[in-house]
Amino acid sequence: MITGKDLKEARQRKHLSQEEVAELSGYSVRQISRMENDINIGQLQRNMELLACLDLINIKRQESENRAGIALKKEGRVL
């Protein structure tokens, strides 16, 4: 699950302000701030455009694949 912390870290990695993310996503700055603070985070889960603009979907998918690969290696299997 994507958290407000994930959203904030992704925004900061891209060197974007909340204002810039708001403009890119169509959300207000207040909504971005609330999501980063885990208030109304469910709204974020429903809007893939915001996640995509921060590449958060790919980041989370990669983390999941990495965990799966580590688990398989521990079991002696290879991806």
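Predicted model: local features only at pLDDT ≥ 70, side-chain atom pairs only at ≥ 80, totals over all residues.
Q: Why is E36 called buried?
A: Buried means under 20% relative accessible area. E36 has a relative accessible area of 8%, so E36 is buried. The residue has its place in helix α3.

Q: What makes the link between the side chains of E36 and R11 a polar contact?
A: A polar contact needs a pair of N or O atoms within 3.5 Å. The side chains of E36 and R11 make such a contact at 2.5 Å. The side chains of E36 and Q18 are also joined by a polar contact, of 2.8 Å.

Q: How do you know which residues E36 is in contact with, leaving aside its neighbours within four places in sequence?
A: Contact means heavy atoms within 4.5 Å. On that basis E36 is in contact with G4, K5, L7, K8, R11 and Q18.

Q: How do you know where the buried residues of α2 lie around its axis?
A: In α2, residues 18-25, the buried residues are Q18, V21, A22 and S25. Seen down the axis they fall within an arc of 105°, so they line one face of the helix. The face turned away from the buried side carries the exposed residues E23 and L24.

Q: What makes a set of residues the largest nonpolar core here?
A: A nonpolar core joins buried residues of listed kinds, such as Ala, Val and Leu, through side-chain atoms within 4.5 Å. The largest has 9 residues, among them V21, A22, Y27 and I32. Helices α1, α2 and α3 each give two or more residues to this core.

Methods
Residues numbered from 1 in each chain as written. Heavy atoms only, no water. Buried < 20%, exposed > 50% of the residue type's maximum accessible area, 1.4 Å probe, protein only. Helix = DSSP H or I, 4+ residues; strand = E, 2+ residues; numbered from the N terminus. Arc of directions from axis to C-beta. Polar contact = N/O pair within 3.5 Å; in protein donor to acceptor, adjacent residues only side chain to side chain.
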